[in-house]
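Hi,

Here is the structure I promised to pass on.

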Amino acid sequence: MKPPPFSYAAPTTLAEAVGLLTEHAEAEPRVLAGGQSLIPLMNFRLAKPGYLIDLRNVAGLSGIRREGDILIIGAMTRMSEVERSPEVAVAAPLLAEAVGLVAHTPIRNSGTIGGSLAHADPAAELPAVALASDADLVATGPAGTRRIAAAEFFSGPFSTALAPDEILTEIRLPLWPGGHAFVEFSRIHANFAVIGVAALIDLDGDRIGRAALAITGVAPTAIRATAAEDVLAGADATDVTAAAAEAAGAAVADLTPPGDLHASPQTRLALARTYLRRGIELATSRARNER
Amino acid sequence: MAPTTCTISLTVNGHPHVAEVEPRRLLVDFLREDLGLVGTHIGCEHGVCGTCTVLLNGASIRSCITFAVQADGAEISTVEGLARGAEMHPLQDEFSEKQGLQCGYCTPGMLMRACEILAENPDPTPAEVRSAIASNLCRCTGYQFITEAVIGAAARMRATKEVAS
């Protein structure tokens with residue numbers, strides 16, 4: 001199928017792009033980043049924006065840089081660039097591991113970090129990475145620029161705290177000193193994951209000092225597993241098996257995941273437990289090895 | 001609001017083109033309908049099957065979920081650009097010899113994806129090839145002969161390069 005007609009602009013400045021969003025509000029405009037989620041939706045005519053504002057020519061939206069303990073990635077940075085970046089591998093290995101699980105190379109060659117975050121698919125990897133990392137998302141609108149904490153950003157399936165006239169410009173990821181793991185279950189290699197887990201573990205001697213965990217596939221958005229994080233704080237890191245199992249149990253205790261053709265609620269709960277345990281164990285062992 | 005057209009200029013298989021396109025024109029339709037390059041196939045039209053794979057500035061993309069306007073200023077490579085006159089590209093030769101196709105529908109996308117795979121890694125293992133071509137669906141071959149063809153082409157291309165240098 002083909003998309004319905006729309007008007008199109010490829011502005012060269014962010015101010016111009018924001019201006020176009022406001023000016024053409026009645027056409028229900030959408031921002032075009034890599035298009036790897038939006039264009040399929042338009043081909044199916046599930047999305048029918050009357051105006052597309054393509055960010056590809058906007059200067060300054062792409063790139064990876066470090067400011068002290070923060071890794072900053074421009075919203076238009078292609079996933080494959082993030083995947084190959086030595087800077088990301090060192091500063092945000094959780095993101096590097098997660099990006100490698102997003103669809104296939106040809107999709108990652110076009111798809112962008114900001115596009116995936118703003119699209120906010122509940123099955124996507126990057127929202128879980130942003131949540132576990134306590135990332136900030138930076139958006140610019142007519143009123144100026146603001147930072148939105150990841151915890152406030154994802155408001156529902158395919159919906160975010162971004163106003164209709166705001167554009168996501170960058171993600172700021174605080175560096176995590178310990179170990180990481182992104183693990184997921186999907187029925188076919190590179191398909192959307194049924195369950196995904198982002199795990200960050202920091203050690204305090206032989207004990208777990210701090211844990212940050214996020215899960216996809218169990219709620220309308222990716223969620224932090226704070227009950228599991230509390231269980232892990234202070235746990236013996238030299239043998240984390242029992243603590244990981246207990247934490248995974250605590251994480252799923254209050255969840256009521258949806259059932260669909262990919263997995264029943266019971267299957268999702270069982271998978272979430274298993275993958276949480278695996279994520280915690282892998283992140284802990286990496287934290288121990290990296291010391 | 002009446003949809004307008006956009007002027008794009010791009011290079012396809014080394015030939016420069018300037019064209020007027022509707023913004024909704026998919027790159028694959030631009031290649032097939034406007035330029036007559038029907039070697040690139042259309043399959044699922046939502047980015048899943050990979051038969052429409054072409055290279056944009058050397059990187060594989062799905063041309064069915066890319067607008068032609070997004071390729072403005074880019075260098076596009078399609079299957080038509082692989083052969084040198086009557087001389088097939090090593091990948092084409094190997095797909096033919098190893099029977100890396102039956103119906104052939106996925107072949108143009110497979111060939112372009114394989115170009116990228118070998119550009120990134122001239123000496124991949126069969127496991128690496130299998131993992132990398134998972135981006136492209138083939139419903140006939142079971143991928144075994146495609147994998148063998150890519151490995152065979154890699155060997156030929158390395159040998160040619162050694163002779164050249």
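The buried residues of helix 2 of chain B are covered by, among others, helix 3 (107-120) and helix 5 of chain B. Before I go on: this is a predicted model, with local features needing pLDDT of at least 70, side-chain atom pairs counting only at pLDDT 80 or more, and totals for chains, interfaces and linings using all residues. Residues are numbered from 1 along each chain as its sequence is written, while chains are lettered from A and ligands numbered from 1 in the order in which they are written.

Helices here are DSSP runs (H or I, at least four residues), as are strands (E, at least two), numbered from the N terminus. The buried residues in helix 2 of chain B are B:P90, B:L91, B:E94 and B:F95, where buried means 20 or more other C-beta atoms within 10 Å, exposed 12 or fewer, and partly exposed in between, with C-beta atoms placed from the backbone. They sit on the same side of helix 2 of chain B because they cover an arc of only 135° around the axis (the arc of the directions from the helix axis to the C-beta atoms).

Now the packing. Helix 2 (residues 90-97) and helix 5 (residues 144-164) of chain B have axes that come within 8 Å and cross at roughly 140°; axes are lines fitted to C-alpha atoms, for helices over the stretch in contact, and angles run from 0 to 180 degrees between N-to-C directions. That makes helix 2 of chain B oblique to helix 5 of chain B (under 35 degrees is roughly parallel, over 145 roughly antiparallel, 65 to 115 roughly perpendicular, the rest oblique). From helix 2 of chain B, B:P90, B:L91, B:E94 and B:F95 meet B:A149, B:G152, B:A153, B:R156 and B:M157 of helix 5 of chain B, contact being C-beta atoms, placed from the backbone, within 7 Å. After helix 2 of chain B comes B:Q99, with a positive phi near 55°.

**Between the chains**

26 residues of chain A touch 26 residues of chain B. On the chain A side, helix 6 of chain A gives the most, with five residues.

**Two alanines to check**

A:A103 is not a glycine, yet has a positive phi of about 45°. A:A103 lies in the loop between helix 5 (93-99) and helix 6 of chain A, and is buried, with 21 other C-beta atoms within 10 Å. A:A190 also has a positive phi, near 75°, but counts as partly exposed, with 17 C-beta neighbours inside 10 Å.

Cheers

Methods. Contact = placed C-beta atoms within 7 Å.
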